[in-house]
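My notes are below the display.

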Protein chains: 2
Amino acid sequence: MATKTAESTERLEELGEDILEDIKKGKNPTFSTLVRSRSNIIFDQKEGYLKLGKTKEERSFLNYSQSKRFMQTVAIASKCHKFVKENLHTTIRGLFYQLKYSLGEDIDENIFSEQSESNPLIEDLEVALELKRENLNLNANRKGVLAGNMKVMDTFGNERLEIDCSKQGRSGWAIPSDVDNDIDFVDVKAKYVLVVEKDALWQRLNEDGLWKKENFILITPQGQAARGTRRIIRKLANMGLPVYVFTDSDAWGWYIYWTIKTGSINLAYIGKDVATPEAKFIGVTMSDLDKYDFLNKMTINASEVDLKRAQEMLNYSWINKSPEWVVELERMIKSKKKLEQDALQGPRLTFVDDYIKDKIKRKDFLP
Amino acid sequence: MATKTAESTERLEELGEDILEDIKKGKNPTFSTLVRSRSNIIFDQKEGYLKLGKTKEERSFLNYSQSKRFMQTVAIASKCHKFVKENLHTTIRGLFYQLKYSLGEDIDENIFSEQSESNPLIEDLEVALELKRENLNLNANRKGVLAGNMKVMDTFGNERLEIDCSKQGRSGWAIPSDVDNDIDFVDVKAKYVLVVEKDALWQRLNEDGLWKKENFILITPQGQAARGTRRIIRKLANMGLPVYVFTDSDAWGWYIYWTIKTGSINLAYIGKDVATPEAKFIGVTMSDLDKYDFLNKMTINASEVDLKRAQEMLNYSWINKSPEWVVELERMIKSKKKLEQDALQGPRLTFVDDYIKDKIKRKDFLP
């Protein structure tokens, strides 16, 4: 706790001191961050994730078009400084209301009229200070569940709690917003991480105790992965565990996979911390149709969105450089069919267990 | 476990035996259930929840327009029978794929072409057999988190697990799909249940340890409550705990409250089991604007949806019979303003704690 607080406080205070110094010297105070628009988002070929380029953006106080945003950014920094000092967390919505309140009841003017104004400035701060939102005590939405042979050492008030992720029954351990501060992961005794798109499949595999029999860590992001879930996958990969992702073979499923693997446009500014380029795609694949005969009966129609997205993905350099992915995408576009992970429950509910074991054994993954 | 399996199996087998008997006797097999359309949904004034009326629907095999649906219903019953026997769970999507598979690879005809066809027939079965989906081993979507002084005795494989809901740290206990079978709630030592609409507020209050200091059970449905969450609120109310619901003062928040309290049109067929008519509304209310001055600065514009919904709610007999609710709804319609629960974090992050304590102390609830 002490480390994070000290670091965040220090950087926020430095920001304030720099501004103060400029004012004292009669200089125009400036705030500098990196541009986060598409023009400055690049795919790092070597590292394998989306990140920001080097284009800077400067905002100065004595500039008619920048003055308001400068003031707003400082107001946000000041609130975050308070939250960190108090050791209390809120959300970007809570921050919005604090700023709404802070001008007092007599002033009929708001620092922000909409939260859509404050959100990008929080991201500006994260980039400028090289601190994640979680270090500014701003919780992000959380989603995602985990089961497996590992323990969580969490902090609750003054208590240190041990949560055994192998003893959470049908529920699993709910992945929190912040998996970095005042929390540790110990006794990680699994062989790999399996991330399944849908909570329904997580429950199916959890009931079969597959993660226990095969000794892996079973995670579901419950759809698109939240920051906390992306971050814990990254952390588990850092511990040397291979990561396999299991989604539907359709636009949404592929998007979930590539977001885990390469990060996303929206979070490119913290790309390194949330992307897991080592991740591999275990299924379901269109080429499974050749390996498991019955699946040909289990396809459903691809939607317009699926087909459009598949075409778009063929344009991404990091996807079309892989012949396997080109085959996958083209097969959907040609057949206008898609395949869901639930389809593997067709022959019997536990067939999906054998499918996973078989794929892992044969190392049958897409890159 | 044994009880549920025996009961579900018995009722499913009875259904099959009745059909078989009819066939043997040369009679036309029939399946009888209750109509679930709006015309047969009534609000039980005395009990305080939405339920089905007595209008029956009969489906017979030897009827051109009913024959396919009859066959489909029997196919679903047969699959559920198998799931219960195997003691394995799936979802209504998994069931759809099992039925897609079951005609074999050679027959170019599906029992169902869309899941939207099979879903209502599952509900027909639930009603006809007086069994909830959970007893047919069909998991529903889950959502919702809980913290407080109580323990869960869960079953995982052959293991019996104790999960202490006061020791789940920042995560809380994830409320599962099924809170009835092979699971028990023990050592419930809290004084009441507080249900807060948003996970963000749950995290805020959890961080403050408010449930611990005030000894209540803190639940968030994370928006609209899933079946499992509604069901556990009902079960806690059965144990004698008062239930207070805390949402935004807007269309969506009110909808969440009334769904918890009276049940919903969609789940009217299991109304008794998922509604908690004893629930009271703790806030935020439009009348809070008179009690907490600063809140007048914290309102935001009501949307068209909010205003339309407020007008609709004024037409519901179970809402407009309450003068307090009429005042609330009319105040929003007149002022075109609404209030979010997050606004209570305006003055300081912990203000919301005092708000809750104050409301509870003064018993300041809406019915």
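I am working with a predicted model, where local features need pLDDT of at least 70, side-chain atom pairs count only at pLDDT 80 or more, and totals for chains, interfaces and linings use all residues. Residues are numbered from 1 along each chain as its sequence is written, and chains are lettered from A and ligands numbered from 1 in the order in which they are written.

**Chain A against chain B.** I counted contacts as residue pairs with C-beta atoms, placed from the backbone, within 7 Å. Chain A gives 46 residues and chain B gives 44. On the chain A side, elements giving two or more residues include strand 5 (90-91), helix 3 (92-102) and helix 5. Helix 3 of chain A supplies the largest share, 6 residues. I took helices (H or I, at least four residues) and strands (E, at least two) as DSSP runs, numbered from the N terminus.

**Domains.** I looked up the assignment for chain A: domain 1 (2-139) and domain 2 (145-361). These bounds come from an automatic or database assignment. Their C-alpha centres lie 33 Å apart. The contact takes 19 residues from domain 1 of chain A and 18 from domain 2 of chain A. Strand 3 (49-52) of chain A is among the contributors on the domain 1 side.

**Helix 5 of chain A.** Is this helix mostly covered or mostly open? I find 8 of its 9 residues (199-207) buried, meaning 20 or more other C-beta atoms within 10 Å of the residue's own C-beta, placed from the backbone. Among them are W202(A) and R204(A). G209(A) follows the helix with a positive phi, near 65 degrees.

How values were computed. Buried ≥ 20, exposed ≤ 12 C-beta atoms within 10 Å, placed from the backbone. Contact = placed C-beta atoms within 7 Å.
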